[in-house]
Amino acid sequence: ITMINDTIIHNNKTYWNNHADFWFGTTALPQYGVKFPTEDELKLFGDVTGKKMLEVCCGSGHSIKYHAERNAGELWGIDISQNQLDNAKKYLEEYGCVANLICSSMEEMNLPEDYFDYVYSIYGIGWTTDLQGTFNKIVSSLKKDGIFIFSWNHTLYHCVAFSRENGKNVLDDGKMVFRTSYFDESYYKMPVHDSEVVLCNRMISTYINALAKAGFVNEQMIEQNVSDMNDTSDKAKKAEMIPISVCFKARKL
C-alpha cells in the first residue's frame with residue numbers, strides 16, 4: 001500500500017508542478033467550490049483577527065491573501081508543488097502579505113502541535129492518499145476548540161452523469177444515470193490536459209467517520225448548490241439535481 005501511495009503522490013505532484021500556472025487563482029476563498037455558496041454567505045470562519053491559520057494545499061496563495069486582508073495574525077501554507085509555492089510567494093509579496101510556505105505532501109507534513117486556531121483546505125483534502133493520517137496530523141496541530149474547514153467534490157458528482165443518446169447528453173428530460181457505484185472508493189485515473197491525475201472518490205460517511213476518529217466534532221456539513229438561471233451548461237443542469245461540492249466545518253474536542 002505504501003508503494004502504491006508513493007506512486008500516486010509522485011504522479012500528482014508531477015502534474016501540479018507542470019501545470020501550476022494553469023490553476024493560478026482558481027477555487028480560492030471566498031469560493032468553496034463550483035456553484036457553491038461563498039464564505040461571504042456562509043461565514044464559517046467568523047472573525048479571524050489575530051488568529052494563527054494554516055492552509056493545506058494552498059496553491060497560488062489566493063486564500064491566504066483573503067485571510068491576510070481580514071487581519072489574520074499568522075499565515076501558513078502547505079502544498080505538494082514547489083512551483084505552486086513559487087507562484088504563491090510572488091503573488092503574496094506583491095500585496096505585502098507574509099506567510100510561512102512549506103513544500104510537503106499532506107501525508108508527510110510536519111506541523112507544530114497545539115498551535116493553530118484554524119486549519120483549512122479549499123478543494124485540496126481529497127488528494128490525500130491517507131485521509132485518516134492527514135486528519136490526525138491536522139487535529140494535533142490545532143489548539144483545543146480549533147476549527148478545521150475543508151471543501152471538496154461531492155461524492156455523487158463523480159458517480160452520476162446525464163444519460164446519452166447518439167453520443168450527446170440528454171438534457172431535456174433531466175434523465176441521469178449512475179456511471180459508478182457510490183460505494184466504490186478505489187483509485188481511478190483522470191485525464192487532465194496532456195497528463196493524468198489519480199484520485200479516490202470517498203463516501204461522505206468516510207469523511208465524517210475519519211473526522212470523529214481523529215478527535216473532531218462535525219459542526220456543519222454543507223452540500224447546497226447556488227442556481228444561476230443564465231447558465232445552461234451541462235454542469236449547471238446537473239447542479240439542479242445533485243450537489244457538486246461539499247464543505248465541512250469541524251471543531252477539535
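Entry 1, the pocket lining. I asked which element gives the largest share of the lining of the largest pocket. Helix 1 does, with four residues. I keep in mind that this is a predicted model. I then listed the elements that each supply at least two residues of that lining: helix 1 (2–18), helix 3 (62–68), strand 2 (74–79), strand 5 (142–153), helix 6 (155–159), strand 10 (187–192) and strand 11 (195–200).

I noted about 1000 Å³ of space in the largest pocket. There are 46 lining residues, and the closest to the pocket centre are Trp-16, Trp-23, Tyr-123, Trp-127 and Trp-152. Sorting the lining by type, I got 23 nonpolar, 18 polar and five charged residues.

I checked the length of helix 4 (residues 82–94) next: at 1.5 Å a residue its 13 residues should span 18 Å, and the end C-alpha atoms are 18 Å apart, which agrees. Which residues of helix 4 are buried? I found Gln-84, Leu-85, Asn-87, Ala-88, Tyr-91 and Leu-92. Seen down the helix axis, the buried residues fall within an arc of 160°, so they line one face of helix 4. On the other side of helix 4, I see Lys-90 and Glu-94 exposed.

At the start of helix 4, I found a side-chain oxygen of Ser-81 within 3.3 Å of the backbone nitrogen of Asn-83. Just after helix 4, Gly-96 has a positive phi of about 70°.

Conventions
Residues are numbered from 1 along each chain as its sequence is written. This is a predicted model: local features need pLDDT of at least 70, side-chain atom pairs count only at pLDDT 80 or more; totals for chains, interfaces and linings use all residues. Side-chain values use heavy atoms; hydrogens and water are left out. On a 1 Å grid over the protein atoms alone, a cavity is a set of points where a 1.4 Å probe fits but cannot get out, and a pocket is an open set with protein on both sides within 12 Å along at least five of seven lines; lining residues have an atom within 4 Å of a point. Grid points are joined across faces, edges and corners, and a volume is the space filled by probe spheres set on the points. Ala, Val, Leu, Ile, Met, Phe, Trp, Tyr, Cys and Pro count as nonpolar, Asp, Glu, Lys and Arg as charged, and the others, Gly among them, as polar. The expected span of a helix is 1.5 Å times one less than its number of residues. Buried means under 20% relative accessible area, exposed over 50%, partly exposed in between (1.4 Å probe, protein chains only). The arc is that of the directions from the helix axis to the C-beta atoms. A polar contact is a pair of N or O atoms within 3.5 Å; within protein, one must be able to donate a hydrogen and the other to accept it, and residues adjacent in sequence count only if both atoms are side-chain atoms.
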